[in-house]
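Me: I'd like to go through this structure and ask what stands behind the words used for it. Could you set each value against its cut-off?

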Amino acid sequence: MQVLLINGSPHPKGSTATALATVARQLEKAGIETTTLHVGNKAIRGCIACGKCAQTGLCVFKDDPVNECIELLKKADGVIVGSPVYYAAPNGALCAFLDRVFFMKSAPY
């Protein structure tokens, strides 16, 4: 079993990273493999609704970690998303990231 943990915080060693690391340790104790993908300190474009991902399964933008995440999700049995909370919502970069990960290709997940 494989679980992907996504860190949406801009701080690679902040509270969100600490919480995800705690979860990962517990999963690994139970024999579950984990992979952590830190995306919160990357420039993430918003989705432009071009629909190309419906044809290819990947996003047309190749300069950020969205397609890397899509490939990791294909191997994962579960996903955990961690984010700081800004004004009662996840940070904007993480929302844009998740929009692009799941837009028109979420069925396999």
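Reply: Gladly. Let's begin with accessibility: buried means under 20% relative accessible area, exposed means over 50%, and partly exposed is in between, using a 1.4 Å probe and protein chains only. The model is predicted, so local features need pLDDT of at least 70 and side-chain atom pairs count only at pLDDT 80 or more, while totals for chains, interfaces and linings use all residues. Residues are numbered from 1 along each chain as its sequence is written, and side-chain values use heavy atoms, with hydrogens and water left out.

Me: Then why is Ala 88 called exposed?

Reply: Its relative accessible area is 75%, and the cut-off is over 50%, so Ala 88 counts as exposed. Ala 88 is in the loop between strand E4 (85-86) and E5; strands are DSSP runs of E with at least two residues, helices are runs of H or I with at least four, and both are numbered from the N terminus.

Me: What makes the phi of Ala 88 worth a remark?

Reply: Most residues other than glycine have a negative phi. Ala 88 is not a glycine, yet its phi is positive, about 65 degrees. Ala 49 also has a positive phi, about 55 degrees. Ala 49 sits in the loop between E2 and helix H2 (52-56), and at 52% relative accessibility Ala 49 counts as exposed.

Me: Why is Ala 17 called buried?

Reply: Ala 17 has 16% relative accessibility, and the limit is under 20%, so Ala 17 counts as buried. This residue lies in helix H1 (residues 15-29). Beyond residues up to four places away in sequence, Ala 17 touches Asn 7, His 11 and Pro 12, where contact means heavy atoms within 4.5 Å.

Me: And how do you know that Arg 100 is buried?

Reply: Arg 100 has 1% relative accessibility, so it counts as buried. Arg 100 belongs to helix H4 (residues 92-102), and its contacts beyond four places in sequence include Cys 47, Phe 61 and Asp 64.

Me: What makes the pair of Arg 100 and Arg 45 a polar contact?

Reply: A polar contact is a pair of N or O atoms within 3.5 Å; within protein, one must be able to donate a hydrogen and the other to accept it, and residues adjacent in sequence count only if both atoms are side-chain atoms. Here a polar atom of the Arg 100 side chain is 3.0 Å from the backbone oxygen of Arg 45.

Me: How do you know whether the buried residues of H4 line one face?

Reply: The buried residues of H4 are Leu 94, Ala 96, Phe 97, Arg 100 and Val 101. Seen down the axis of H4, they fall within an arc of 160 degrees, so they line one face of the helix. The arc is that of the directions from the helix axis to the C-beta atoms. Among the elements covering these residues are strand E1 (2-7) and helix H3 (66-75).

Me: What makes a set of residues a nonpolar core?

Reply: The residues must be buried Ala, Val, Leu, Ile, Met, Phe, Trp, Tyr or Cys, joined through side-chain atoms within 4.5 Å. The largest such core has 16 residues, and those with the most contacts inside it are Leu 4, Ile 6, Cys 69, Phe 97 and Val 101. E1, H3 and H4 each supply at least two residues of this core. A second, separate core has six residues, including Leu 5 and Ala 24.
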